[in-house]
Amino acid sequence: MPQGLTDYLNDLRAKRPDEFVVVKDEVDPAFGITMTVVKTEQEKKKRPVFLFEKVKGSAFPVLTNLHASRARLASAMGSPPKEMLKNYFAAMEKPVPPREVNTGPCKDVVLKDGQVNMLALPQIVHHQGDGGAYITAAISFAKHPDDGSWNCAYNRLMITGKDRTSVHLTLGKHLWEYYKIAEARGKPLEVAFAIGVHPAIALGALAIGSIDEDERAIMGALLHEPLELVRCETIDVLVPAHAEMILETEIVPHETVKEGPFGEFTGYSLGARQREVVKVKAITHRKGAYFHDITVGHLDHMLLSTVPMEANLYRAVRAMVPSVAAVRVPSPFTCFVSIEQRLKGQAKNAIMAVFGSDLYMKRVVVVDHDVDVFDDREVNWAIATRCQPDRDMVVVSGARGSDLDPSTAGEDGFTAKWGVDATAKPLLKDFTPRHSFPEAAWNAIDVAKLKL
Ligand code: MN
């Protein structure tokens, strides 16, 4: 399918014009963009894509809230919403390697040396207390310093000068590992950031897997064709040819700067820390580029990351418990799993599989397949009626979790984790039966004729 953000938006505007709102009045990028999105959702119960045409202090229009709908994300993958998890899982199983091309729209305008000016970009401040203007839709593309494998991830960037940002590298994740290898040699790590991509590319960037798994090939599988890449001007990195904008950068070794505070997906504004420094060597962009913003900490952010997370967790649990029924990530650091438990102990194996496959997961609840994990009430019912905490809970102390979890304050993600086996013991078939009705009698009752 066509790989540009504007290709996707043209399709959306044609098929669902009410989901695309153009704001012509000038907006203040300090809070104005985020507040418009949040207030529209709260008061109008609507979650359209917003294009702010006039942004105070910048020539770039801002596009946001692109991912705040499961239907929009599904359509980006060419999938019905209900099939999204299955289709994402299929893309992980059958990746499509990328293809290098000579040029693309991201090269329409090339700004190097003295022309680089990060302060000319929209200076978006999302929430009160944020340490500065943040770029929230930047996807990193980087090459492993030794083995030539590639990594993509979302990394928040705080603009700190004309050619400088700070970067949040999640401690213990793949880009952080690349950086640590380069830094040990006193070398910068070359990284390009793509801002403004087709949502299938965004979903692929969030794939969770081993460090040698190439997210670019998952992007290709989600696009149903190889991702087209072009070479950067100032660094040896390949980037999506159809991106709206590319930042060509180096992460500087042995240097840190104050980063944050920043209101994150956890729902908290986390305090400032010393984090790595990014030097911007070039900015390239499409002529008339949209500056893409993710409305951080709200549905635009949460829905996008949940689909890849659930697909990976499903894959991991299935490797241990083939009869897994469903997996859901209902809130930060939390996972609900339902399994058709055929043998004693499989629930515990499911808990271990979740902890073994996702750094962020901190609490896992496993239920039987007769419990709907998409209904919080049912999950709570199972915990209350099928679980004895002294027998059925697992606590793992001193593990690594998210460095954005405020409950690990001061420890930056050094955390305990807990699993709850809320399956019936020893097995559902042997457990006290749920109440029910005789089937023939049930079918004989006709509520349609009642005057209600
Ligand atoms: Mn990776």
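**Helix packing, a manganese site and selected residues**

Helices α4 and α7 lie oblique to each other. The model is predicted, so local features require pLDDT of at least 70 and side-chain atom pairs pLDDT 80 or more, whereas totals for chains, interfaces and linings use all residues. Residues are numbered from 1 along each chain as its sequence is written, and side-chain values use heavy atoms, with hydrogens and water left out.

Helix α4 spans residues 84–93 and helix α7 spans residues 215–223. Both names come from DSSP runs numbered from the N terminus: helices are H or I runs of at least four residues, and strands are E runs of at least two. Two packed helices are described by the angle between their axes and the distance between the axes. For α4 and α7, the angle is about 130° and the axes are 8 Å apart. Axes here are lines fitted to C-alpha atoms, for helices over the stretch in contact, and angles run from 0 to 180 degrees between N-to-C directions. The α4–α7 crossing is right-handed. A crossing has this hand if the near helix is turned clockwise from the far one by less than a right angle, and is left-handed if the turn is anticlockwise. From α4, Y88, A91 and M92 meet I218, A221 and L222 of α7; contact means heavy atoms within 4.5 Å. By class, this contact has six nonpolar, no polar and no charged residues. Ala, Val, Leu, Ile, Met, Phe, Trp, Tyr, Cys and Pro count as nonpolar, Asp, Glu, Lys and Arg as charged, and the others, Gly among them, as polar.

Helix α4 also packs on helix α8 (residues 299–320). Here the angle is about 70° and the axes are 9 Å apart. The α4 and α8 helices are therefore roughly perpendicular to each other. Their crossing is right-handed. M84, L85, Y88, F89, M92 and E93 of α4 meet V307, P308, E310, A311, N312, Y314, R315 and R318 of α8. The residues of this contact divide into nine nonpolar, one polar and four charged.

A manganese ion has three protein donors, N151 (OD1), H174 (ND1) and E215 (OE), at 2.1 to 2.3 Å. Donors are N, O and S atoms within 2.8 Å of the metal (3.2 Å for Na, K and Ca); water is not among the atoms, so sites may look incomplete. In sequence the donor residues follow the spacing N-x22-H-x40-E. N151 is in strand β8 (residues 150–154) and H174 in helix α5 (residues 174–184), so this pair ties together parts 23 residues apart in sequence. N151 and H174 are both buried. Buried means under 20% relative accessible area, exposed over 50%, and partly exposed in between (1.4 Å probe, protein chains only).

Two cis peptide bonds were examined. The bond from G260 to P261 is cis, with omega near 0°. P261 sits in the loop between β14 (245–259) and β15 (262–263). The bond from K425 to P426 is also cis, with omega near -5°. P426 falls in the loop between β23 and α12 (439–444).

Positive phi was found at two non-glycine residues. H224 has phi near 65° and lies in the loop between α7 and β12 (228–231). At 56% relative accessibility, H224 is exposed. F333 has phi near 65° and lies in the loop between β19 (324–328) and β20 (334–339). At 10% relative accessibility, F333 is buried.

F333 is one of the residues touched by S402. S402 belongs to the loop between β22 (393–400) and β23. It is buried, with a relative accessible area of 3%. Beyond four places in sequence, S402 touches F265, F333, L359, Y360, T408 and G413. The C-alpha atoms of S402 and G356 are 14 Å apart, at 46 residues' separation along the chain.

T415 lies in strand β23 (residues 414–421). Its relative accessible area is 8%, so T415 is buried. Not counting residues up to four places away, T415 touches K362, V396, S397, G398, A399, R400, G401, D405 and T408.

T256 is in strand β14. At 45% relative accessibility, T256 is partly exposed. The C-alpha atoms of T256 and Q274 are separated by 5.6 Å, with the residues 18 apart along the chain.

Conventions
Parallel < 35°, antiparallel > 145°, perpendicular 65-115°, else oblique.
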